[in-house]
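Hi,

Here is the structure I promised you. Have a look at it first, then read on.

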Amino acid sequence: MAGVPPRDDNAHRSDIQEPCNGRVTDMPDGIYLDNAATTFPKPKSVYDFMNDFYRKHGINPGRSGYDAALETEEVVSGTRRKLTEFFNGTDHDHLTFSYNASDSLNQIITGVVRRGDHVITSTVEHNSVLRPLFHLEQDGVIEVTRVPNDGAGYVDPDDFKKAFRKNTRLVILNHASNVFGTVQPVGEVGALCRQAGITFSVDVSQSAGAVPVDVQAMNIDLLAFTGHKSLMGPTGIGGIYTWPGTEIRSSRQGGTGVRSAQRTHLEEFPFRLECGTLNVMGVAGLFAGQKWIAEEGLENIHHREMDLWVRLRDGLRAIEGVITYCDDDPARHTAVLSTNVEGWEAGDVGTLLDVDYNIQTRTGLQCAPLVHETIGTAEGKGTVRFSIGAFNTPDHIEQAIAAMTEIAAMRR
Ligand SMILES: Cc1ncc(COP(=O)(O)O)c(C=O)c1O
């Protein structure tokens, strides 16, 4: 790619085995329904590939010219390529790695906004967007508009347009809510931003690997992803896809392995947004995760999960005293379902599910406090969130419904 030192050109030899296939993994004890927090378990091929890769190639990539270092670099650049294709980007050097989505979103916010700017975001955001923006707002650096959601978990693109100002530099929107599971009309918001010349950033933490993400069709300038959810990688790895030409400064500087005599940090990608030794083990997990998703088929994974989601939603709705917070249309949804049981605090329901039924869920505000203000659950200590993953089964769902039936009956 243009502007990048010729290091990759040498990375041609490899004895790295591609990860094996199959919808198999070791199932944990209990019923894990907290996949929106992190997917668990991962496909067996991800564990196997990471283990094998780190034993044979746990070497610092991009720093040296010996075979093993070049082979490690090959997996790193191969993963940039796979993910760039996955998001329909055009230049794999613009796919940069970070620690997680929070890290990526911090890089985006601090790398794009300047004193006096206006930023628009929404009430369906995670704290990984709300908090960095709030700090800058509190310090008088920027002004922030938070577009409301309609109570069912959707934002209206027109509300973004209405909020545009002359000094609006950045719009940041969460693609899929981690509380509601609702998928936002990001393409429409992106088109409005493109027309207005405003940088558009999307948080795809909950959507990447769950529903299609297309930076071209959605007009996304800066895409923030995390590796450990539906992309099936481990924790500690995430990244950004920067649409070529988007203005973003590096917000941290350091070693890059190339042009070491240069005093300033490198401007060209991927170095602009990376410094120090990469989490190669995490990258290897993403590499294997990409292979697994490609073999399973994103649509197949989504349909399997949404079939279970519909089963869970309908089962819970039939229970007297159980409240579900969700849209009816699975086509605009990920497999996340927030609930409450009348007369119970969410945390207590979660504890009962865990202790008495060995079912793991996430309770509370799920790091998205403004969503709970909208649906009136902020005071009542949030919701009980079930989130379905690729390895859940119909039996898991039936057991969750049975447990919730008993818990609801205890209060009547
Ligand atoms: C919508 C959303 N954004 C951001 C994050 C933060 O992801 P990470 O913890 O990997 O930084 C999460 C995690 O739950 C999320 O659901």
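Predicted model: local features only at pLDDT ≥ 70, side-chain atom pairs only at ≥ 80, totals over all residues.

Below are some notes on the ligand site and on one of the sheets.

Residues are numbered from 1 along each chain as its sequence is written, and side-chain values use heavy atoms, with hydrogens and water left out.

Start with the ligand. It has 13 residues around it, with Ser102, Asp203, Gln206, Thr226 and Lys229 the closest (near means a heavy atom within 4 Å). As for polar contacts (pairs of N or O atoms within 3.5 Å), a polar side-chain atom of serine 102 sits 2.6 Å from a ligand oxygen. For glutamine 206, a side-chain N or O atom is 2.7 Å from an oxygen of the ligand.

Now the sheet. Four strands form an open, antiparallel sheet in the order E9-E10-E13-E12 (strands are DSSP E runs of at least two residues, numbered from the N terminus; two strands pair if DSSP finds at least two bridges between them). Strands E9 (322-325) and E12 (362-364) are at the edges with a single partner each, so one side of each has no neighbour in the sheet. E12 pairs with E13 (residues 383-387) over three antiparallel bridges, and threonine 363 has valine 384 as its bridge partner in E13.

Cheers

Terms used. Polar contact = N/O pair within 3.5 Å; in protein donor to acceptor, adjacent residues only side chain to side chain.
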